[in-house]
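Subject: Structure handover

Hello,

Here is the structure I promised to pass on. Please open it first, then read my notes below.

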Amino acid sequence: REMAKESVFRDLLKILMSASSKIEQAYKDSCELVDLDTCLLLIAECFRCLRNACVQCAKNQHIMRSMGLISTSVHLIKLLHGIQVKEELLLTALRCSLQFLGNIAAGNGDSQNSIWKCAFPDLFLTCLTYSDEKIVAYCCMVLFTCLNSEKVGELLNPGNLTVALHVLKVYKEQLESEWSFLIVTDHLLKCPELVKALYAKLSNQERVTLLELMMTKVSEKIPVASEEINVFMRHADFLASCFQEKCEAVLKLTSAADAEVEEALVTIRLLDVLCEMTSNSGQLEHLQALPGLLETAIDTLRLTHLAGKQAVNIFTATHAMTGQEEISHPAVGFKSHLIRLIGNLCYKNKENQDKV
């Protein structure tokens, strides 16, 4: 790897450019490429060589970037995506090409910027919605490697917000996808404006997913920088306002239709995150001072208690648990979480204690 000469990469570039023009020609003539299989095989092998040559080798990364291999690769990936056959050879070529982009970007800011310039947002929009799980995972790897705080800001543009929405969908549908998890927790959650914009576009189920990811981040028991505390405070403001707006949705669980159950689940998750945030000394004082949060928690507790007295339902105090279904009901523990939130908001805070 260290001894590879520039001429090797020039040869590979020539092969890839030749393959590109063959595929483009086939589109123009709308004729079947007789040797499409050979072409795809060759592309995959080229990308395997390039991918392996990049590993922990800044010299090779630099040579490849300066000879235009990144833009050639992005162009070829777009062409490959246009091929209608969904065969193994095509999938392999696409997977190897994305792995190459991930490897040339690893630890290399110039390559990351170059990929971003050529590939964002089109390539990510295309590959994040691909039917092959590996292609989606490798695409997430490339996106994660290229992202930084400045680029996260670009996701706020209306056309680009879809990239962030797709990442969340990928996480929801493929829970083992570590890259999509890291994109959200390490990048997206660091931008409160983006979280707000995303939240507005999400379905209730997706909101629950986002709140669960926030819960993971808030629960981390590691010291955070003052800059991060500031981010969490802005999240807290937003989540508290969502909770205050939607808290009564939980009452629909006494006799709820499916859509209403989903809305109530969002409120339950909002409460979980607020409980966790108020258990953290860094955010506690800020939340204790928020206008209306304590009052909302007390009013909701009063209303759920009343709902439980009016008829036998999930909020009835003497409610007998029968069967596994009810034990795992999402509203079980909702009142105790409200009490936990009220307790936290009163901790060492005389003004709130007096209000209660």
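Predicted model: local features only at pLDDT ≥ 70, side-chain atom pairs only at ≥ 80, totals over all residues.

A residue counts as buried when its relative accessible area is under 20%, as exposed when over 50%, and as partly exposed in between. Asp272 has a relative accessible area of 12%, so Asp272 is buried.

Other salt bridges follow. The count comes to 15. Glu45 pairs with Arg48, with 2.9 Å between the closest N and O atoms. These two are three residues apart in helix 2, about one helical turn. Glu45 is partly exposed at 39%, and Arg48 is partly exposed at 28%.

Arg95 meets Asp132 at 2.8 Å, N to O. Arg95 lies in helix 5 and Asp132 in the loop between helix 7 and helix 8, so the pair ties together parts 37 residues apart in sequence. Both residues are buried. Glu88 joins Arg95 and Asp132 in a salt-bridge network.

Next, helix packing. The axes of helix 16 (281-288) and helix 19 (334-346) come within 9 Å and cross at roughly 90°. The two helices are therefore roughly perpendicular. Leu284, Leu287 and Gln288 of helix 16 touch Asn344, Leu345 and Cys346 of helix 19. Four of these contact residues are nonpolar, two are polar and none is charged.

Last, helix 3 (58-66). Its buried residues are Asn60, Gln61, Ile63, Met64 and Arg65. Their cover includes helices 1, 2, 4, 5 and 6. Just after helix 3, Gly68 has a positive phi of about 90°.

Best regards

Notes. Residues numbered from 1 in each chain as written. Heavy atoms only, no water. Buried < 20%, exposed > 50% of the residue type's maximum accessible area, 1.4 Å probe, protein only. Helix = DSSP H or I, 4+ residues; strand = E, 2+ residues; numbered from the N terminus. Contact = heavy atoms within 4.5 Å. Axes fitted to C-alpha atoms, helices over the stretch in contact; angles between N-to-C directions. Parallel < 35°, antiparallel > 145°, perpendicular 65-115°, else oblique. Nonpolar A, V, L, I, M, F, W, Y, C, P; charged D, E, K, R; others polar. Salt bridge = Lys/Arg side-chain N within 4 Å of Asp/Glu carboxyl O.
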